[in-house]
Amino acid sequence: MTIAHDDPHVARLFEHLVRLVAEEDGDPLDAQDQLVELARTNSPEVARYWKQVGTGVGVPDTAYKGGGPHLFPDAPVVREFRTSGTTGSTRGSVRYSPLGLELKRVAVTARARREIDFADVRPVVLPFVPSERAAPHMAIAFDMARIAEAVGDPRLSTAVVREAGVDFELLAQRLDAAVAEGLPVVLVGATFAFVNICDALEAQGRRWRLPPGSRMYDGGGFKGRSRVMAVDDLHDAVGRVFGIERFGNIFGMTEIANPLYDSADTPVGPLGERPKAGGPAGGPRVRDPRTREYRETGPGLLEITDYALLDRPYVLLTGDLGIAGPEGVAIAGRIAGSTSRGCSLSLDEITGGAA
């Protein structure tokens, strides 16, 4: 018998996970045991998979092409996020129940408050993505909206990408206002959106010296459709155009709920990718591609544990290369033979990258 979305056990598990991801309070192993049981009970496909490869091994991200395991078919789907479909005819998609979407909201909000910490001011948050209203099926738009709500100045924070592309006048207006008021700016968005926007602004001869504390967080990979950019080269470009000196990367996927932030400013990957560490709410690990055992050092298959996932298995085996080390796991792009990440490529196109 499956476990219903409105079962009291699910309500208690939800509260446990909220404490874990919002306050980092609780027992991750207990949460894991309950999430394993939920996935086994509500998804025969996952139960068979774990019987074959071992309990707790990540479900491959390819399982979400055209759907994937959804643990509460009895509950209304309040949000569906999709990959762009730019890498093939079949789009990846994930569905959220009411409790599942609320848990994601709590996780993204709490993580933003921990990572983007301004003690006495709300910065101007400018996402280089479409608004949540304009792109309701894009997970990165949902996440960026939560970041802006959590830490941003409500008067001046806004998404600056429209259907036709980047609204450069709106971007300039908000940057000028931040400079005039002395408010720090947080620029967030897809990696190649930053590349394209910096290219365009430098071609126009437009530059700023943003207030102290301003920073950028890019998300996605450093390989576009026709261009590769090292991490430090991107930082140099953003520094020239916006006059900032603080940088970070956020790794997100449509299939996970809680994005990962850099844990150290140490170049590790081939393009200088920085490591990301785990914690009570989960995080990245690396598995040996042959034995499926965890590696504490060196390259392997990137696996992400995410205790903000309620509607699908809590652990995902991605098509990305992970490089494990003492400060965490650097995520160094798709493994040869895996499709490129569609969301990043679609945002590359929207913001002016090569088709």
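A: Helix 7 (residues 191-204) lies across strand 4, strand 7 (185-190), strand 8 (215-219) and strand 9, and runs at about 110 degrees to strand 7. Helices (H or I, at least four residues) and strands (E, at least two) are DSSP runs, numbered from the N terminus. For the angle, axes are lines fitted to C-alpha atoms, for helices over the stretch in contact, and angles run from 0 to 180 degrees between N-to-C directions. This is a predicted model, where local features need pLDDT of at least 70 and side-chain atom pairs count only at pLDDT 80 or more, while totals for chains, interfaces and linings use all residues. Residues are numbered from 1 along each chain as its sequence is written, and side-chain values use heavy atoms, with hydrogens and water left out.

Q: How do I read a sheet, and what is the strand order in the open sheet of 5 strands?

A: Two strands pair if DSSP finds at least two bridges between them. Here the order is 4-7-8-9-10, and the pairing is mixed. Strand 4 (124-128) and strand 10 (260-261) are at the edges with a single partner strand each, so one side of each has no neighbour in the sheet. Strand 10 runs antiparallel to strand 9 (residues 246-251), joined by 2 bridges, and Tyr261 in strand 10 is the bridge partner of Ile250.

Q: Which strands pair with strand 15?

A: Strand 1 (residues 59-60) pairs with strand 15 in the parallel sense over 2 bridges, with Val59 opposite Leu316. A hairpin of 2 residues joins strand 15 to strand 16.

Q: Is strand 15 mostly covered or uncovered?

A: The word to know is buried: under 20% relative accessible area, with exposed over 50% and partly exposed in between (1.4 Å probe, protein chains only). Strand 15 (residues 315-325) is mostly covered, with 9 of its 11 residues buried.

Q: How do I check the length of a helix, and what span should helix 1 have?

A: The expected span is 1.5 Å times one less than the number of residues. Helix 1 has 16 residues and should span 22 Å; its end C-alpha atoms are 22 Å apart, which agrees. Helix 4, with 18 residues, reaches 26 Å from its first C-alpha to its last, close to the 26 Å expected.

Q: What is found at the ends of helix 1?

A: At the N-terminal end, Asp7 is the cap: one of its side-chain oxygens lies 2.7 Å from the backbone nitrogen of His9. After the helix comes Glu24, whose phi is positive, near 55 degrees.

Q: What do the buried residues of helix 1 pack against?

A: Contact means heavy atoms within 4.5 Å. The buried residues of helix 1, including Leu13, Phe14, Leu17 and Val21, pack against helix 2 (28-42) and helix 4.

Q: Which residues touch the most other members of the largest nonpolar core?

A: In soluble globular proteins, nonpolar side chains tend to be buried together. A nonpolar core is a set of buried Ala, Val, Leu, Ile, Met, Phe, Trp, Tyr and Cys residues joined through side-chain atoms within 4.5 Å. The largest one has 50 residues, and Leu17, Val21, Trp50, Leu103 and Leu310 touch the most other members. Its largest share, 7 residues, comes from helix 1 (residues 8-23). Another core, of 34 residues, lies apart from it, with Leu170, Val195, Phe242 and Ile244 among them.

Q: Is Lys104 buried or exposed?

A: Lys104, in helix 4 (residues 98-115), counts as buried because its relative accessibility is 1%. The side chain of Lys104 reaches the backbone oxygen of Ala257 at 3.0 Å. Leaving aside neighbours within four places in sequence, Lys104 is in contact with residues including Phe81, Tyr96 and Asp143.

Q: How far apart are Ala112 and Pro259 in sequence and in space?

A: They are 147 residues apart in sequence and 9.3 Å apart in space, C-alpha to C-alpha. Ala112 is also in helix 4 and is buried, at 0% relative accessible area.

Methods:
Polar contact = N/O pair within 3.5 Å; in protein donor to acceptor, adjacent residues only side chain to side chain.
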